[in-house]
Amino acid sequence: MAGRLIVISNRIPAGDPSGGLVVALHDALLARGGVWVGADPDPSEEGRECLHELGDVPYRKRAFRLSKTERQNYYSGFANSVLWPICHRRTDLIEIKSEYRADYLAVNLRLARLIAQDLAPQDVVWVHDYHFLPLAMMLRSLGVTNRIGFFLHIPFPNITDLAILPRPEDFARWLASYNLLGLQTRGDVARALEMFRADPRAEFLRDGTVKFDEHIVTVASFPIGIDCDQIEATARRADPGPFGAANPRELIIGADRLDYTKGLPHKFEAFGRLLQGRVDRDARPTLLQIASPSRADVAAYRQITNDLQAISGRINGQYSELDWQPLRFVHRSVARDRLIGLMRRAEVGLVTPLADGMNLVAKEFVAAQAPDNPGVLVLSRFAGAAEDMKGALLINPHDLDETAGAIDYALAMPLDERRKRHADCLAVVRDSRISVWTDRYLARLASCVPTLALSRHQAASA
């Protein structure tokens, strides 16, 4: 008899499920029963030695608590000031402190003990993202032999950047304790295998798996997707004129979490380059950039907010007319249904990350378009989505002239070419839709080589 699915993520959904990943995991938990475990968003000095029930209908949701210091060191510190910049090729922003790593390991060990207490032999554990890299190793040290899968939603780091970590040799050991290491792209898989290939503790087996000490791990890519049917239905219901009398003639849309990985300053500067080079001075393209706030307690995020406000002010001051503001920078969240409607209205979707695991905004833009008259996706080749979405106009966001030229070409693109490119991209979006992604991952995890029980000596040294 199949066991429960135990999902571990930093965030745990509240209320009705919304968003592709949440809905997909919700459906998987409904199908087989299980528990969703995540962090309580409110720091507390009390009750950290147990999991707190948040609800058990139709499945259990349980939260682990963090002290204020742990949240600062585990979450803002090691997770988001060390691991996040390393994975996104921004080693210049890394802030290493001994207490960051200590609390990161302490939180993971405490969570491992809490999870191990409730595991049945047939339960399957699915861990999500960089907050819990060592969780499987700690569960194994407690004698857990259940199948444990891991999915990294962000890019896999370069092997040279891993050397910056305190105790860099631990990184491969952490990941090798999982049965299945799921990554976004084939490029991520190549980087992970390069890491194992350079480690003398790793041995490559004939079936492509990696034997690392006493563990065998499978490494594979599972490009994450969206609920394209839901996006298409929302887009068809959208208001065709959300701007009222100020409806822009040539709308370019960007929708990103405000993060230094998203290339927003590059996007703004490239748009300014487009305005500077206009041949037709009557052309009035408008860039609407929606940037929802993120991690305001991390210095790098406060700095990028200030930078974007300065760049947008300069561009608008230079190019605005009395009846036209070329760059609209909205630094707050916008309701999802309204955002999908704005995407459908846009002639161009501009997605310019400097490094990104997948970038679901690119897929949402494609799904939101009207197939008979679609907009054009301009996509950074450094987004994971670019590995398969060859129908997009792929650009190097560091090259402002190339990006400006791609926007200009997209705005003037003939209908037949727009339809062809959109159809190619939509096929990719539908093939990777979120429900298929979940099924593929769990099926692969079920086929992985099971973990053998550790000896007492092995468990003590893990």
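**Close-up 1. Strand S15 (residues 376–380) is covered on both of its faces.** In this predicted model, Val376, Val378 and Ser380 on one side of S15 and Leu377 and Leu379 on the other are all buried, where buried means under 20% relative accessible area with a 1.4 Å probe and protein chains only. Five of the five residues of S15 are thus counted as buried. Strands are DSSP runs of E with at least two residues, helices are runs of H or I with at least four, and both are numbered from the N terminus. Residues are numbered from 1 along each chain as its sequence is written, and side-chain values use heavy atoms, leaving out hydrogens and water. Local features of the predicted model need pLDDT of at least 70 and side-chain atom pairs count only at pLDDT 80 or more, whereas totals for chains, interfaces and linings use all residues.

**Close-up 2. Strand S15 pairs with strands S14 and S16.** Two strands pair if DSSP finds at least two bridges between them. S14 (residues 348–351) runs parallel to S15 and is joined to it by four bridges; Val351 has Leu379 of S15 as its bridge partner. Three bridges link S15 in the parallel sense to S16 (residues 393–395), where Leu393 lies opposite Val378.

**Close-up 3. Ten strands form an open sheet with mixed pairing, in the order S3-S4-S2-S1-S5-S6-S7-S10-S9-S8.** Strands S3 (52–55) and S8 (202–204) stand at the edges with a single partner strand each, so one side of each has no neighbour in the sheet. From one strand to the next, the twist averages 25 degrees. S9 (residues 210–212) and S10 (residues 215–221) are antiparallel and share three bridges, with Lys211 opposite Ile216 in S10. Helix H7 (residues 186–197) packs on the sheet, and its direction makes about 155 degrees with that of S10; such angles run from 0 to 180 degrees between N-to-C directions, and axes are lines fitted to C-alpha atoms, for helices over the stretch in contact.

**Close-up 4. Helices H8 (residues 228–236) and H11 (residues 336–345) pack at about 75 degrees.** Their axes are 8 Å apart. The two helices are therefore roughly perpendicular, a term for angles of 65 to 115 degrees. Contact, meaning heavy atoms within 4.5 Å, involves residues including Ile231 of H8 and Ile340 of H11.

Key: Parallel < 35°, antiparallel > 145°, perpendicular 65-115°, else oblique. Buried < 20%, exposed > 50% of the residue type's maximum accessible area, 1.4 Å probe, protein only.
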